[in-house]
Amino acid sequence: MANVDKEMLAQFLLRMGDNSLILGHRVSEWCGHAPVLEEDIALANTALDLIGQTQLWLGYAAEVIGDKTADDLAFLRDVWDFRNILLVELPNGDFGQTLMRQFLYDAYQSILLPRLAKSSDPRVAEIAEKASKEAAYHVERSADTVVGLGDGTEESHARMQTALNKLWPYVGEIFASDAVDAAMAASGIAPDPASLRAEYDALVGNVMAEATLTIPEGDFAHLGGRTGATHTEHLGHLLTQMQWLQRAYPGASW
Amino acid sequence: MPRPSTDTVWDWLHAVPDPEIPVISLTDLGIIRDVAYEGETLVVTVTPTYSGCPATSIINLDIETALRGHGVENLELRRQLSPAWTTDWMTQSGRDKLEAYGIAPPQPAGGPDKCPQCGSQHVEKMSQFGSTPCKAQWRCTACLEPFDYFKCI
């Protein structure tokens, strides 16, 4: 482990793991409901990759925190202890909104993870190396789908523009750096998120242009997820489903 | 019983099939990264294909079952994430076996070079995801048959 405050490192790892856990759970809600079989399988596989990455991030977080497991962190924390960005806890909406959110997240991961693969912390680096391969084909698919639906029929175009208008104010939180990020940047564990913004805007800008979609003006950002200060009301409802079994039957396994 | 040589252990592992695609072995897949003794303990180092692949735990169980069946008592399975698994580590015989089974083997170009059914080069992607995390769905536009393509990562 690099020379860094353990509390800060734990917060960083929870942010990584909670993002993939909560988005993985949201995406898994599509299982059996997607418009066509191929999309159903694709969403289930994406969710599976995200949950796999969660096990690695939260597994390391649990070691740093001590006396915990990845399962403890996933199933036995309450809303205020989660550190995911608000974007990933929002309800799925329609298929277009789900894929728009996936692209906005995949674009972020596809830029962040290759940087984390060079982290000064070897554990962070090896997890990121693995996850970045998965993020690379996730973003390829979600970008293709955003372009296909955005530059599609009048109906699909309208729905994708509505999804982008709704989700864009949640993008700013990704880059809202704070003391945890400063500590990670200072120790070479992770880049300052704000430093990724230009590359992100370029990637998203290109895809939206191809998709004939317009990025809303204004830089207002809903904040409070990655600090845990103000989650949306949706996260609690998600946890009631995701955590129900371990809450009702503590320690149950199969 | 004298302890088996690492070459013998590799031979045993050559015979353990992949649980999802039993036509190839775990060593064909390239996920067994090392076999070595640390003191009296046999350490087998395994790297996951995809981080969320549900077969990973079955693979570990199959390795353990096979080696214990050969009389290995002191055994440790070690997970290694880095360097991350790549389809470049798949053996040539593994690629041949996949193709004969009807799954197009991974290609650096990012897509299958031909239909594993009829051999036509006229193929198109249906979905980047397939029945397992490691496969994508493609279709041959000559014989019209869909087929699995083992993704190149």
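1. Trp85(B) sits in the loop between β3 and α4 (92-101) of chain B. The model is a predicted one. Trp85(B) counts as buried, because 25 C-beta neighbours lie inside 10 Å and the cut-off for buried is 20 or more. Leaving aside residues up to four places away in sequence, Trp85(B) touches Ile31(B), Thr47(B), Pro48(B) and Thr49(B). Gly111(B) is 26 residues away along the chain, and its C-alpha atom is separated from that of Trp85(B) by 18 Å.

2. Look next at Pro83(B). This residue is also placed in the loop between β3 and α4 of chain B. For background, most peptide bonds are trans.

3. Now the overall plan of chain B. The chain has four helices and seven strands. In sequence order the pattern is α-α-β-β-α-β-α-β-β-β-β. Along the principal axes, the C-alpha trace of chain B spans about 55 × 25 × 20 Å. Of its 153 residues, 34% are buried. Among contacts in chain B with a separation of 6 or more, 51% join residues 24 or more positions apart.

4. Chain B is divided into domain 1 (6-85) and domain 2 (96-150). The C-alpha centres of these two domains of chain B lie 27 Å apart. Where they meet, nine residues of domain 1 are in contact with seven residues of domain 2. By class, the side belonging to domain 1 has five nonpolar, two polar and two charged residues. Trp85(B), from point 1, carries the number that ends the range of domain 1 (6-85).

5. Helix α3 of chain B deserves a close look. The helix covers residues 55-69, which is 15 residues. From first C-alpha to last, α3(B) reaches 21 Å, close to the 21 Å expected at 1.5 Å a residue. Which residues of α3(B) are buried? They are Thr56(B), Ile59(B), Ile63(B) and Leu67(B). Seen down the axis of α3(B), the buried residues fall within an arc of 55°, so they line one face of the helix.

6. What do the buried residues of α3(B) pack against? Their partners in chain B are α1 (6-14), α2 (26-29), β2 (41-46) and β3 (75-79). The other side of α3(B) is exposed at Ser57(B), Leu61(B), Thr65(B), Arg68(B) and Gly69(B). After the helix comes Gly71(B), with a positive phi near 95°.

7. As a rule, most residues other than glycine have a negative phi. Leu144(B) is one exception, with a phi of about 70°. Leu144(B) is found in the loop between β6 (135-140) and β7 (146-150) of chain B.

8. Thr212(A) has a positive phi near 55°. Thr212(A) lies in the loop between α9 (197-210) and α10 (233-242) of chain A. Is Thr212(A) buried, exposed or partly exposed? With 13 C-beta neighbours inside 10 Å, Thr212(A) counts as partly exposed.

9. Chain A as a whole has 11 helices and zero strands. Read along the sequence, the pattern is α-α-α-α-α-α-α-α-α-α-α. The radius of gyration of chain A is 18 Å, close to the 18 Å that the globule rule gives for 254 residues, so chain A is as compact as a globular protein of that length. The C-alpha trace of chain A spans about 55 × 45 × 30 Å along its principal axes. Buried residues make up 45% of chain A. Residues 24 or more positions apart account for 75% of the contacts in chain A with a separation of 6 or more.

10. Last, the interface between the chains. How many residues of chain B are in contact with chain A? The count is 15 in chain B, facing 21 residues of chain A. The side of chain B that touches chain A has eight nonpolar, seven polar and no charged residues.

Key. Residues are numbered from 1 along each chain as its sequence is written. Chains are lettered from A and ligands numbered from 1 in the order in which they are written. This is a predicted model: local features need pLDDT of at least 70, side-chain atom pairs count only at pLDDT 80 or more; totals for chains, interfaces and linings use all residues. Helices (H or I, at least four residues) and strands (E, at least two) are DSSP runs, numbered from the N terminus. The expected span of a helix is 1.5 Å times one less than its number of residues. A residue is buried if 20 or more other C-beta atoms lie within 10 Å of its own, exposed if 12 or fewer, and partly exposed in between; C-beta atoms are placed from the backbone. The arc is that of the directions from the helix axis to the C-beta atoms. Two residues are in contact if their C-beta atoms, placed from the backbone, lie within 7 Å. Ala, Val, Leu, Ile, Met, Phe, Trp, Tyr, Cys and Pro count as nonpolar, Asp, Glu, Lys and Arg as charged, and the others, Gly among them, as polar. Domain bounds come from an automatic or database domain assignment. The radius of gyration is taken over C-alpha atoms; the globule rule is 2.2 Å times the number of residues to the power 0.38.
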